Amino acid sequence: TGRGAGAAFQTDFQVLVGSAADVFLGGGGPDTTPPTLVSANGPSANEIVVTFSERVTPATANVSTNYGVQVTSGATTLPVTGATLNGAATAVTLSLGSSMVNSTNYTVTVSNVQDEAGNTIAPSSGIAFTYTEFTGTSIADIQNNPSAFEGQVVTVQGQVYVPANYRGTVFSGYIQGSSNRGINLFGDGANNPLLNDTGNIVQVTGTVTLFFTTVEIENITNVT
């Protein structure tokens with residue numbers, strides 16, 4: 001079939017026929033830019049979160065054989081046993097068959113993953129990171145006994161699921177740890193660029209508070 005047919009209206013084009021990936025305004029053309037790798041982080045010794053530059057498809061992102069992990073300075077490889085795309089479709093959690101070593105550099109390679117327009121990432125795209133073992137407080141421990149942590153200053157680690165700037169000038173976000181337990185982040189201290197991008201792995205230092213039945217981190221002093 002044709003790419004599209006329609007008429008110009010107030011300098012924009014109305015595309016009436018064609019596939020969804022080909023619909024565009026202003027004559028700019030369809031999306032032909034393939035996804036790229038933005039970051040990789042290790043929230044635990046057996047997991048790596050890989051973030052893409054745009055939304056990718058579950059059919060290609062959830063295939064474990066599309067990923068490779070190896071020690072950057074050598075030939076040692078770690079088997080990838082699973083790949084799970086997050087709800088925002090921009091980050092994939094890789095499950096590893098063996099554990100990473102603290103303070104070691106690793107390289108993740110990705111092939112065959114496509115964006116929603118069908119563009120494929122460059123073959124063997126790679127990104128490096130250093131795995132650093134987290135020694136702070138588990139989000140799950142806080143949620144399992146919030147009264148014991150209320151008023152304490154803690155450092156937690158998690159993946160951004162709700163960006164802190166989604167409410168405009170009221171900063172309120174949500175991160176989820178490797179145990180799949182999450183916690184709210186609230187207040188001006190949450191106004192940090194690292195907390196505005198879904199999929200980022202972050203460490204947050206602040207005070208545990210209870211807002212009715214909701215457990216939150218407030219008075220945030222540091223985000224990395």
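The legends below describe close-up views of a predicted model. Residues are numbered from 1 along each chain as its sequence is written, and side-chain values use heavy atoms, with hydrogens and water left out. Because the model is predicted, local features need pLDDT of at least 70 and side-chain atom pairs count only at pLDDT 80 or more, whereas totals for chains, interfaces and linings use all residues.

**View 1. Confidence along the chain.** The chain averages a pLDDT of 88, and 88% of the residues score at least 70, pLDDT being the predictor's confidence in each residue on a scale from 0 to 100. Over residues 1-19 the pLDDT is below 50, although this stretch has 28 contacts in the model beyond near neighbours in sequence, a contact meaning heavy atoms within 4.5 Å. For residues 21-25, where pLDDT stays under 50, the model has eleven contacts beyond four places in sequence. Where pLDDT is low, the predicted coordinates should not be read in detail.

**View 2. The closed barrel of five strands.** The strands of this barrel run β11-β12-β13-β15-β14, with mixed pairing; strands (E, at least two residues) and helices (H or I, at least four) are DSSP runs numbered from the N terminus, and two strands pair if DSSP finds at least two bridges between them. Neighbouring strands of this sheet are turned by 60 degrees against each other on average, direction ignored, with axes taken as lines fitted to C-alpha atoms and angles running from 0 to 180 degrees between N-to-C directions. Strand β11 (residues 153-162) is joined to strand β14 (residues 201-211) by seven bridges in the antiparallel sense, and V153 has T207 as its bridge partner in β14. By contrast, β13 and strand β15 (residues 214-223) pair in the parallel sense over two bridges, with L185 standing opposite I217 in β15.

**View 3. The hairpin of β12 and β13.** Five bridges pair strand β12 (residues 172-176) with strand β13 (residues 182-186) in the antiparallel sense, and the partner of S172 in β13 is F186. Five residues lie between the strands of this hairpin, in which N180 takes a positive phi near 70 degrees.

**View 4. The salt bridge of E116 and R55.** The closest N and O atoms of E116 and R55 are 2.9 Å apart, and the pair counts as a salt bridge under the rule of a side-chain nitrogen of Lys or Arg within 4 Å of a carboxyl oxygen of Asp or Glu. By this rule the count comes to one salt bridge. E116 lies in the loop between β9 (104-110) and β10 (125-131) and R55 in the loop between β4 (47-52) and α1 (58-61), so the pair ties together parts that are 61 residues apart in sequence. E116 is exposed at 51% relative accessible area, while R55 is partly exposed at 41%; buried means under 20%, exposed over 50% and partly exposed in between (1.4 Å probe, protein chains only).

**View 5. The surroundings of N86.** N86, in the loop between β7 (80-85) and β8 (91-96), is buried with a relative accessible area of 11%. A polar atom of the N86 side chain lies 3.1 Å from the backbone nitrogen of T90. Leaving aside neighbours within four places in sequence, N86 is in contact with A91, Q159, T198 and G199.

Notes:
Polar contact = N/O pair within 3.5 Å; in protein donor to acceptor, adjacent residues only side chain to side chain.
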